[in-house]
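Morning, everyone. Let me put the structure on the screen, and then we will walk through it.

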Amino acid sequence: MIEVRHLTRRYGATLAVDRLSFEARPGVVTGFLGPNGSGKSTTMRVLLGLERPDGGDALIAGRRYADLPWPLREVGALLEARAFHPGRSARAHLTAFAAAGGVPRRRVDEVLELVGLAEVAGRRAGGFSLGMAQRLGLATALLGDPAVLLLDEPVNGLDPQGIHWIRGLLRGLAAQGRTVLLSSHLIGELARTADRLVVIGGGRLLADTSVAELTTRSSSLEDAFFALTSGAARFRGADLPATGQQEARGR
């Protein structure tokens, strides 16, 4: 299970995450929704040990990411589509990750087949389209056969067929008892994929409910989202100030 408890993260004078608390449970696709600059990516980076919190806890299976004995085999993450060396092939990229994470090499071919990259596994990944890069990122996340998945905008660059495929894949992974935390700006897609929604704005929790419960308040999930977040825009701007970005890079 993913547990976020009173999480706070500042960048200088900017409060990016403000005492945020929620859970993402096994067997459920939890949609993580919010406007640009709402704190979604910061929260996921804290969960993965890439940012230090200024307060509160961000735990996976009851531990901080840094305390997990075999993180690649416990948590799969996709934050950036092109987080690979452009000169390496897809197979070489995954093979290096498998060796570093203690994952059997046979798993490389399994995930390449799973994400539809088996036929291009020997090509340099730098020449991949955005959709192919997303598939390689997803293959990396699935490499260790983890029980927990954190995915930030995984459908970017995918065609309609790819979006339909990843929707079924994520729901299938949750049906196996895995925990899936899915961040996306595509409100309609989250409505089709997620079981529960965590909506944040200005770093604060605005809603933690099922898709069905949220949409009963409005004619559509999109209307409900805008109704929730319209007030959030008044207490935090859409973008992190340049000073905050510089401090984040310095840390």
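Which residue in S7 does Gly31 stand opposite? Leu182 is the residue opposite Gly31. Before going on, the ground rules. This is a predicted model, where local features need pLDDT of at least 70 and side-chain atom pairs count only at pLDDT 80 or more, while totals for chains, interfaces and linings use all residues. Residues are numbered from 1 along each chain as its sequence is written, and side-chain values use heavy atoms, with hydrogens and water left out.

Helices (H or I, at least four residues) and strands (E, at least two) are DSSP runs, numbered from the N terminus. Two strands pair if DSSP finds at least two bridges between them.

Start with strand S3, residues 28-33. Six of its six residues are buried, so S3 is largely enclosed by the rest of the structure. Buried here means under 20% relative accessible area, with exposed over 50% and partly exposed in between, using a 1.4 Å probe and protein chains only. Val28, Thr30 and Phe32 point one way from S3. Val29, Gly31 and Leu33 point the other way.

Now the partners of S3. Strand S7, residues 179-183, pairs with S3 in the parallel sense over five bridges. Strand S8, residues 196-201, also pairs with S3 in the parallel sense, over four bridges. There, Thr30 has Arg196 as its bridge partner in S8.

Zoom out to the sheet. It is open, has six strands, and reads S5-S6-S7-S3-S8-S9, with mixed pairing. The edge strands are S5 (75-78) and S9 (204-210), each pairing on one side only. From one strand to the next, the twist averages 15°. For angles, axes are lines fitted to C-alpha atoms, for helices over the stretch in contact, and values run from 0 to 180 degrees between N-to-C directions.

Where does antiparallel pairing come in? S8 and S9 run antiparallel, joined by six bridges. Ile200 has Leu205 as its bridge partner in S9.

Next, helices on this sheet. Helix H9, residues 221-229, lies across S3, S8 and S9, at about 35° to S8. Helix H5, residues 130-142, lies across S5 and S6 (148-152), running at about 165° to S5.

Stay with H5. H5 has 13 residues and spans 18 Å from first C-alpha to last, close to the 18 Å expected at 1.5 Å a residue. That expected span is 1.5 Å times one less than the number of residues. Twelve of the 13 residues of H5 are buried, so this helix is largely enclosed by the rest of the structure. Among the buried ones are Met132, Arg135 and Leu138. The cover includes H2 (71-74), S5, H3 (90-101), H4 (106-114), S6 and H6 (160-175). Contact, throughout, means heavy atoms within 4.5 Å.

There is another sheet to show. Three strands form an open sheet, in the order S2-S1-S4, with antiparallel pairing. S2 (14-24) and S4 (55-60) stand at the edges with a single partner strand each, so one side of each is left without a neighbour in the sheet. The twist here averages 25° from one strand to the next. S1, residues 2-11, pairs with S4 over five bridges. Glu3 stands opposite Leu59 in S4. Helix H1, residues 40-47, packs on this sheet, touching S1, S2 and S4, and its direction makes about 115° with that of S1.

On a 1 Å grid over the protein atoms alone, a cavity is a set of points where a 1.4 Å probe fits but cannot get out; a pocket is an open set with protein on both sides within 12 Å along at least five of seven lines; lining residues have an atom within 4 Å of a point. Points are joined across faces, edges and corners, and a volume is the space filled by probe spheres set on the points.

The largest pocket has a volume of about 550 Å³. Its lining has 27 residues, with Leu48, Ala77, Leu78, Leu79 and Ala83 nearest its centre. H1, H2, S5, H3 and H5 each supply at least two lining residues.

How many cavities of 30 Å³ or more are there? One. The largest cavity has a volume of about 60 Å³. Its lining includes Leu182, Ser184 and Leu190. H6 and H7 are the elements that give two or more residues to that lining.

Finish on Ser184, in the loop between S7 and H7 (187-193). Ser184 is buried, at 3% relative accessible area. Leaving aside neighbours within four places in sequence, Ser184 is in contact with Phe32, Leu33, Glu153 and Leu190.
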